[in-house]
Amino acid sequence: MALDRKGTFKVEYLQEIEKKVQERWESQKIFEVEAPDDGKSHEKFLCTFPYPYMNGRLHLGHTFSLSKCEFACRYYRLKGRMVLFPFGFHCTGMPIKACADKLKREMAVYGCPPVFPEDEELIVKDEDIIPKDKSKGKKSKAVAKTGGSKYQWQIMKSIGVPEEEIKEFANESYWLEYFPPRAVTDLKRMGIHVDWRRKFITTDANPFYDSFIKWQFNHLKDRNKIMYGKRYTIFSPLDKQPCMDHDRSTGEGAGPQEYTLIKMVVLEPLPNCLISLKGKKISLVAATLRPETMYGQTNCWVHPDIKYIAFETVKDGVFICTKRAARNMSYQDFTEKDGEFKILLEIVGQDLLGLSVQSPFTCYPKIYALPMLTIKEDKGTGIVTSVPSDSPDDYAALVDLQKKPAFREKYGIADDMILPFKPVPILETPDFGNLSAVYLYDELKIQSQNDREKLTQAKEMVYLKGFYDGVLLVGEHKGSKIQDVKKNLQTKLIQEGKAVIYYEPEKTIISRSGDECVVALCNQWYLDYGNEEWKGQAEKALEAMNTYHDEVRKNFQATLKWLHEYACSRTYGLGTKLPWDQQWVIESLSDSTIYNAYYTISHFLQGDTFRGNKENTLKIKPEQMTSEVWDYIFFKEAPLPKNTVIDRKSLDLMRKSFQFWYPVDLRVSGKDLIQNHLTFYIYNHCAMWPNEEEKWPKGIRANGHLMLNSAKMSKSEGNFLTLSESIEKFSADGMRLTLADAGDSVEDANFVESTADAAILRLYTFIEWVKEVLASKSTLRSGDYNFHDKVFVSEMNIKILQTDDNYNRMLFKEALKSGFFELQAARDKYRELCSEGGMHVELVTKYIEVQAKLMSPICPHVAEYVWELLGNKTSILHSRWPVAGDVDEVAVKASNYLMDAAHSFRVYLKNHCALKKPKKGETPKPEKKPNKAVIWVAKEFPKWQRIILTTLKELNGPDGLPDNKTISSRLSQLDELRKYSKRVMPFVQATRECVRRDGGAALALALPFAEAAVLRDNAAYLRATLDLDAIEVKYTDSADAPERSREECAPGQPHITFSAEPALPLVLLNPTPLNGLFTLSVDVADGDTVDKLKAKLAKDVKAIKDVTSLKLWRYKDPILGPRKIPVPGDHESKCEVLHDDSVFKVDVNANKVELVSNGTNTEIGTQLMYTYEK
């Protein structure tokens, strides 16, 4: 959840910066770009995002996907490319029209403003809305987006439309006027790098785009990509037309599922419930996906409580099934009229139990209808075939009936209907034998048909293995693999009149009109995506394309395998009419495949309007855009149009613009569009430019969905943010940073509000630090670079290279990590290490410049503002990506070693000072705070460790180190290691981790730098971070080295020992009034010099920056001097200045301090004075 904010100052501060930066961008027209005409070679980058649908405001989910385009465009502009990111708005399809019509109906029934009945509640149908993958939630998109509102009027209120304006939306054209401008406003507030001259909306409301789509479809038809005929498609009976993905409120992505409808002929004598049908051919019909298993039928299943119907078919007699299944069949030529079926009888399942039927392929002359309580009415026909040999569910239900007489009696099942029937071996399945269901029932110890979890497990185990590896044991295809003969067996059943083909939706699909869809056999225009030649071109395009993730490529490959015909038109909704058949409107997934090409010239035609309804710069009218004109613009080999009033200069301008910008270098979208829009996008580019492969798409980046605070975004759950709300809440750059941090993979990303709040603070703090450090530039160090300066330069170069690579691979979370978080951490380390001498002025300026550029793609407003603070007069967008210099890897390793060592020393110090557990009866005594330390450094590894490292180096191959078992076996053969047997493998494991992190260098026997020298050179930093007075660096081969340090110390792993020297506290008083320097106590030890005491004082008093301006004074009378009432300025007469080389002689036992200067000992008491004049 979001953090509770104490105020909004920081976010308002950022928003004020963003507003000014955006005004400057707007005035400079900084995002507008044209194809160059200077005759020079230019690299370009065209990036697009699927235009959003205009039935509401843009939300954070849209923003997450389009942010990938945004980050990439700004990055490639810094890399020197000419960048184009155009943006349009989609209005084609049913949703807008359906919502407008719904609003009309509500106003007609309930008035305007409507008064809705209070007792009606929204019922969200949750049946079978279980997704195929984890990326889709159980609630439908429509419900999630509208917050559970039932009426369209309420939905309009929920998305922020003023109530007095809602009535206008009953006119569908008002939607096209209302939402696109608001989307542009929101996107501009985000700071998006878009050339807004190229904006447009779709449908025939925009005559230029309408003409473009007609040109595309005429070519597709001429090239035999569009066909007409009957085909199975998802269909809305209410809308009386096919229902494509974008027309659905639930069931997006689901298609028609083919079943084999098995006809089980009812045998006489007929039961009473069917007597009225005597003389007709009556069949129970069961929909199966496994017609090849019909050899093993022992019965069929009926649900006792489901209502079934009997209806007349055109040529197959009377079918008995559920009403829902009959409705589907009525749209598939089973009945005389589409959508109509005559119900002859309504029957409860209970009355069909015990019915005898004759079923194809089974070895039993007749089988019986038996009860099964798990049959669902919303799937199949409600009648289920039973193959207990290979279906665990069937076997469990059969065993229950055979074992439980009371169960049989309850449903009137005679013993002869069930007891003689045994599972029939029909398939030989590897691992499971010829009765796989029986085998797994026993193996998993399944108890009954209610043991759902184990039955599901068994089903998963047996189904795929049986299909792919099962071998048929019966029939004319005996000995063949099931997958090879399944189609043959289905064909045989159909030819013999014992089965028919039947389709129904893969899962429940609800249209945006609220209608449950069916599968219908429709006459329609469709794109023949199953055409092998066309499919081959699409596969070739995919092969050459950058998909950024293997999973995305695999999803495309899978889609290309199953995709066949796709209905491209409908009779209801907004859009472009089919040019050769005006009763049809081109549907929304088919008019949005090559519009990226239109972007390259749209600014010449649209006249800076959405509809193209104002005069454009070239003074071209829509009717002048003939097919020959479009050909000339988009096809390299097309001749100049003969009959056109458009001048040659204008035609060539548009042609040159297309030729320069195309192909699309990157298209970014959610992964859910792979199975339709993105695949159609590939297909249509191949169809339109079959001989110009260089125009085919170059890259597609698909991302997962965006969660909000680790939960699915949903208005009904109150977990939802629009783009506008996000900017208001977090600022544009705060939101953008959090979007970049949300995730890069195809898995679902997560926008965390607490991260966004932290981003606001981090950005604000960065700006304030830049202001502060630039204001104090004169106090920063200059001159030659020291060790830490050189390391910082190398670390900046490393981050430039890493961030460049991350942006190039579209890994924006990683780019943010390396180019912002880690770069700032490097700055903080540098600042800490330079605390004594200060940072170098050149490097501070360079860091700010590099940081601004590296964060610019993600946080452009802050970057632009900081760039201006540096004194730059032109935008950061006109600058170039920083050039990385040489990296001194040894210096960086030495610096990292120093920081790691300092961290381990702090841990040692904490443990040293921790309260020791006292002996029984003793009071715990706190350890005296140490003021001195010795750091122990090993010149080489102990012999036993050298042996291990040498061995590991020999074993380290291209795939890394072998497993621990192999290593242990090798090392156990070495006699020198037996003494250390318990320590060998822990050392190996620690080394393995180092190899994983640092590569083969971790196996080196020596460090690439002088370890002791690094520690000695940075003794001042170590003293400061450990709060010590003295540090000494010694080697472990010294005679006084502790035994533990000798044993455990190794190159790169120093040890430290602490001690507390005897000392006395000296009171240091500052006599200067009103200067902020106070009295304090500082310990002085025997042998300390005056210079050392000054250093101790400066460490405690941060206001003392220059020790050379610090003076220590002793009283001439150490006894009475401190007791006299001080008078400002009299210290010069009462005291004497101490010389830096004087030494203190301290006797702790006598509580006595003397000063030794020029061989003279002077007692100084326990109080001194200090003055600081700077």
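Predicted model: local features only at pLDDT ≥ 70, side-chain atom pairs only at ≥ 80, totals over all residues.
For my notes, Ala, Val, Leu, Ile, Met, Phe, Trp, Tyr, Cys and Pro count as nonpolar, Asp, Glu, Lys and Arg as charged, and the others, Gly among them, as polar.

**Entry 1**

I started with an open space. The second largest pocket holds about 2,000 Å³. I looked up its lining and found 49 residues, with Y259, L289, K379, K459 and Y463 closest to the centre. Then I sorted that lining by type: 18 residues are nonpolar, 14 are polar and 17 are charged.

Which elements give two or more residues to this lining? I found the strands β6 (256-266), β7 (282-288) and β14 (383-386), along with the helices α9 (392-403), α12 (452-469) and α13 (482-495). Helix α12 gives the largest share, nine residues.

**Entry 2: the cavity**

About 60 Å³ of space lies in the largest cavity. I noted 11 lining residues there, and R324, D378, P505, K507 and T508 lie nearest the centre. This lining divides into three nonpolar residues, one polar and seven charged.

**Entry 3: aromatic pairs**

My search of the whole structure gave 77 aromatic pairs. I picked out Y295 and F361, a stacked pair with 4.5 Å from centre to centre and 10° between the planes. Y295 sits in the loop between β7 and β8 (299-302), while F361 sits in the loop between β12 (356-358) and β13 (367-371), so the pair ties together parts that are 66 residues apart in sequence. Both Y295 and F361 are buried.

I then turned to Y529 and W534, whose pair is tilted: the centres are 5.0 Å apart and the planes make an angle of 40°. Y529 and W534 are both buried as well.

**Entry 4: Q537**

Is Q537 buried or exposed? Its relative accessibility is 17%, so I wrote it down as buried, since buried means under 20%. Apart from neighbours within four places in sequence, Q537 is in contact with K225, C686, P690 and W696. I also checked Q537 against Y439: they are 98 residues apart in sequence and 47 Å apart in space, C-alpha to C-alpha.

**Entry 5: an annotated span**

Last, I opened the UniProt record. An unreviewed entry there places the feature "domain: Leucine--tRNA ligase ubiquitin-like" at residues 1061-1173. In the model, the end C-alpha atoms of residues 1061-1173 lie 32 Å apart, and the span is 13% helix and 38% strand.

Note on methods: Residues numbered from 1 in each chain as written. Heavy atoms only, no water. Buried < 20%, exposed > 50% of the residue type's maximum accessible area, 1.4 Å probe, protein only. Contact = heavy atoms within 4.5 Å. 1 Å grid on protein atoms, 1.4 Å probe; cavity = no way out; pocket = protein on both sides within 12 Å on 5 of 7 lines; lining within 4 Å. Points joined across faces, edges and corners; volume = space filled by probe spheres on them. Helix = DSSP H or I, 4+ residues; strand = E, 2+ residues; numbered from the N terminus. UniProt positions renumbered as here; feature names shortened; annotations may be inferred. Phe/Tyr/Trp six-rings, centres within 6.5 Å; stacked < 30°, edge-to-face > 60°.
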